[in-house]
Amino acid sequence: MRFIPFCIITFAVFSLISCKSEYVALNHIQVIGSHNSYKIAIEKPLFDYLFRVDEEKLKSLEYTHISLEEQLNLGLRNLELDVFYDPKGGHFSKPKGLEIVRSLGQEPLGYDEELKLNQPGLKMFHIQDIDFRSHALLFTDGLKALRNWSDQNPNHTPIIILINTKDQEVPQTRKPLAFDKNAFNALDNEIRSVFKADQIITPDNVRGNFETLEEAVLTKGWPSLKKVKGKFLFVLDENEAKINTYLEGDETQKERVLFVNSKEGNANAAFRIVNDPVKDFDYIKELVKKGYMVRTRADAATKEARTNSYDKFEKAKATGAQVISTDYYLPSTLFNSDYKVIFENGTYEKIKK
């Protein structure tokens, strides 16, 4: 047998790995992300007061997050942001929860000392008047934090951002403004005001020359991971009525920023949100096999953390869903639990086998 120098073998192996890595597509990754990623825990006096009113509801709200930048530094590559429409500003200033704390004879923690809530634009928190503390009260401030982090870490795996547009009425709280066409236009515009076009993976980017987005992802597939390093992909996590409002006038999403959670068979179906990997295990596996990207959840409403149950997380991994969301990428600091969602190799992202 002819002798081949070790250096040549090493170079050949390295070249093969590099060549293969170029063909790893975006939908071949699996990442762990956070749910309601901006959220800061309800302060104790208010939590205890509300707990006496509705124990089960408050248990489901008993979680908190480190800052968005800290989550990205830790390795998370999926975040979820909730936004409220407030075009004039001031609609959500002075939440009732602060007055409740004062009525209990206590002084609430500092809140919105820079009067951010008085400014026009989308606001970011969980539930008006009740669960209102946030690492960034202005949506654009949250986006700027993400952009600045990305600028400092330009080769990161794409960060997938889910957006919930909040306008649900909650008894005895401030009535939110409806998320209408103007609100959705504002959503796109605020994202574009922070990110350059080449920092965003848009539906039109992925659709390319295909007639529909769904045809593109099921035929050509998603772009290579190498091509989309350092970028952001936004998804509208909403019901059909809101999706239709968002798409009105631009059904091909040529000018739209967000992917939408349209059911397969629709022209815009590409990224699906299926939150229960136990009940929908086979369904999610089939979606992934066909070429869709899917987000599912490892836990919900603090239940898995309270029982230290990993059943849902194990199912989520086994489905092949590209995005797995959790409230517990770190163990809870609010109640006793060792529950922590992380891959076996100690990371929050990996290439699927």
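What follows is a friendly conversation about a predicted model and the words used to describe it.

Colleague: What should I know before I start?

Modeller: This is a predicted model, where local features need pLDDT of at least 70, side-chain atom pairs count only at pLDDT 80 or more, and totals for chains, interfaces and linings use all residues. Residues are numbered from 1 along each chain as its sequence is written, and side-chain values use heavy atoms, with hydrogens and water left out.

Colleague: How many helices and strands does the chain have?

Modeller: There are 13 helices and nine strands. Both are DSSP runs numbered from the N terminus: helices are H or I with at least four residues, strands are E with at least two.

Colleague: Why are Phe 84 and Phe 125 called a stacked pair?

Modeller: Rings of Phe, Tyr and Trp (its six-membered ring) pair if their centres lie within 6.5 Å; planes under 30 degrees apart count as stacked, over 60 as edge-to-face and the rest as tilted. The structure holds 16 such aromatic pairs. For Phe 84 and Phe 125, the centres are 4.2 Å apart and the planes at 10°, so this pair is stacked.

Colleague: Which parts of the chain does that pair tie together?

Modeller: Phe 84 sits in the loop between β2 (78-83) and α5 (96-103), and Phe 125 in the loop between α5 and α6 (139-152), so the pair joins parts 41 residues apart in sequence.

Colleague: Which residues form a cluster through ring pairs?

Modeller: Tyr 85, Phe 179, Phe 184 and Tyr 246 are linked that way.

Colleague: What makes Lys 315 lie over the face of Phe 281?

Modeller: A charge sits over a ring if NZ of Lys or CZ of Arg is within 6 Å of the ring centre and within 35 degrees of the ring normal. Lys 315 lies over the face of Phe 281 at 4.5 Å from the ring centre. Lys 350 likewise lies over the face of Phe 343, at 4.6 Å.

Colleague: Which residues of α5 are buried?

Modeller: Gly 97, Leu 98 and Val 101. They cover an arc of only 105° around the axis, so they are on the same side of α5; the arc is that of the directions from the helix axis to the C-beta atoms. Their cover includes α2 (44-53).

Colleague: Is Ala 301 buried, exposed or partly exposed?

Modeller: Its relative accessibility is 30%, so Ala 301 counts as partly exposed. Ala 301 lies in the loop between β7 (293-297) and α12 (303-307), and its phi is near 55°, a positive value in a residue other than glycine. Most residues other than glycine have a negative phi.

Definitions and conventions. Buried < 20%, exposed > 50% of the residue type's maximum accessible area, 1.4 Å probe, protein only. Contact = heavy atoms within 4.5 Å.
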